[in-house]
Amino acid sequence: MTTVVIGSGINGMVAAAELARAGVPTVLLERADRIGGFIAADPERTVPGFLHDTYSSWHPLFVSSAAFGELGGELAARGLAYSNSETAVTASTADVQGERRTSIAYRDPARTAEGFASAADRDAYLGMLEEFGTRAPTIFGALGAELGSAPVLGKLGWKAVRGLKVAGVEELARDALTSARSYLRRKFTGWEVDALWTPWGLHSGLGPDHATGGMMIPVFAAAMHQFGLPIVTGGVQGFLTAFESLLRDSGVEIRTGVEAEEIVTAGGKVTGVQTSAGLITADTVLASVSPGALYGTLLARAPEVATQRKSATSYRPGRAAMQLHFALDKPLQWEDEALREVPLVHLSDGSGSTGIACAQAEAGLLPSSPTVVVGQQSVVDSSRAPEGKATLWLQLQEVPFAPIGDAREQIDTSGGWDDAELRQRYVDRVLDRLEEFAPGTKSTILGTDVIAPTDLLAANPNAIAGDPYGGSAELDQNLRWRPFPGAAEHRTPIAGVWHIGAATHPGPGLGAGSGHIVAQRIITRRTR
Ligand SMILES: Cc1cc2nc3c(=O)[nH]c(=O)nc-3n(C[C@H](O)[C@H](O)[C@H](O)COP(=O)(O)OP(=O)(O)OC[C@H]3O[C@@H](n4cnc5c(N)ncnc54)[C@H](O)[C@@H]3O)c2cc1C
């Protein structure tokens, strides 16, 4: 019997590859005309000769994942190669009351700490990383396990108590229930650590005031010191080519341009998938779709999931995002020359400006001073642009999907993101902000590509309301409760139907956690 994987994002690709390599006949269905989901490299987004990663670009989560452990060698044999920085990895820069503040993280934690003004903060930073080392087995154990299962949770808790003792578990729980802002205020007196790491919370869908931020700050810091920010050498097309070759060599039947329309069931069991190109008989289905699509559309006729269907209607998207690409005549001329070597810079002072921008976006307003994620891929991979030139990848993660106004009261938002003028004026705001730190940037632009929140949704139906992360990551929809209680174990009430993807534990990003967890569960069951 066949296993059908619906959706070829990172979780779908990993699951299909692992299942097929274990001998399970597998079909990978994708409605788009290419595989990859939010991994894409459309040629010529700006100007010929410039290689842009259309959506995701940074692979620390993939190279540190269990899936990479399983498939990394096979992908490397098919041409996957990474470029990374061995020195500066990320930085934040801001103007605070006329004072220019820049903080840089290097691969070396000690060198990073040397940049903090306060001796106490330097010690506290290294202490935080040391403490993280003791917590890592518990945190990664939780991120890689079926947290929705009470027995699994019990085992994890028992292991945590053995490793950390009761007091250590309590302290970890306290940090996990704390926001990034509160955690950092408790631990540090200066501004540097907050400026550096709070904006990283945005990359997992969190704002500075969301619970779990306190636990995630050391995760981001430790991950970037250890793994840096690898990008695919030559652009993510190399990743997709290697993956497609691995899938085909493993025997996966890839069917692009085919949409799953219904998961067919009988007597509480899956029997097949009705697609835009006909029926596929199957005894197992992994669906990498939104909860609304799974329970409300694909399983719309299954009475067994009535409770889940109801819960899915109140599953919330997070903030929307925008992705901007530029071809530049020369690399960014940062006033602070140290930033010219940093692959990814945030324009943010930490929980101050990022907190305000998040609050404005949550209120439906275009932020007055958005956090700008400035990706300079050419710094570590010269093949991304012709000699002497550069690519620029700007990401905005504090954007309302349906803006009701502008926090500066300058831009008319009544036409929504389909209004070309609204897009242009907001892009101008972002570029003006960049000009404060890298003057002259606008005059070096050779080509521009704007991906608005509505474009994200048009490209991928999983990006409900333009949310790049498949649903808000606030604690009530995260960890043991992702996507919601009663559906967090990837299994569904229909025998043989599994839910994977960013909307399921352990959430978004390229770590492929849900695809790997579910594939391994199925393989273990079959070989038992
Ligand atoms: C702009 C942007 C930048 C990002 N940057 C990074 C980054 O640098 N690093 C990082 O780790 N993460 C990043 N992320 C997040 C990361 O890309 C996503 O969390 C991850 O790719 C989601 O993977 P997924 O497996 O959930 O599937 P998706 O990528 O969401 O893919 C799901 C696929 O399923 C298909 N599909 C849906 N319904 C059906 C159906 N009924 N039938 C057939 N096919 C269907 C869709 O067409 C889509 O191709 C970024 C996201 C965005 C949007």
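## Annotated span

UniProt annotations may be inferred rather than shown by experiment. With that in mind, the unreviewed UniProt entry assigns "domain: Amine oxidase" to residues 12-428. The structure here is a predicted model.

## Ligand surroundings

The ligand is surrounded by 33 residues. N11, E30, F38, A502 and G509 are the closest of these.

A polar backbone atom of F38 sits 2.9 Å from a ligand oxygen. For S57, a backbone N or O atom lies 3.0 Å from an oxygen atom of the ligand. N460 uses its side chain: an N or O atom there is 2.9 Å from a ligand oxygen.

## Second largest pocket

The second largest pocket holds about 560 Å³ of space. Its lining counts 20 residues, and those closest to the pocket centre are A142, L147, L153, A176 and L479. Two elements, α5 (119-143) and α6 (150-176), each give two or more residues to this lining. The largest share comes from α6, with eight residues.

What is the class make-up of the lining of the second largest pocket? There are 16 nonpolar residues, three polar and one charged. Two domains contribute at least three lining residues each: domain 1 (3-39 + 56-83 + 234-316 + 471-527) and domain 2 (107-227).

Technical notes:
Residues numbered from 1 in each chain as written. Predicted model: local features only at pLDDT ≥ 70, side-chain atom pairs only at ≥ 80, totals over all residues. Heavy atoms only, no water. 1 Å grid on protein atoms, 1.4 Å probe; cavity = no way out; pocket = protein on both sides within 12 Å on 5 of 7 lines; lining within 4 Å. Points joined across faces, edges and corners; volume = space filled by probe spheres on them. Helix = DSSP H or I, 4+ residues; strand = E, 2+ residues; numbered from the N terminus. Nonpolar A, V, L, I, M, F, W, Y, C, P; charged D, E, K, R; others polar. Domains from an automatic or database assignment. Near = heavy atom within 4 Å. Polar contact = N/O pair within 3.5 Å; in protein donor to acceptor, adjacent residues only side chain to side chain.
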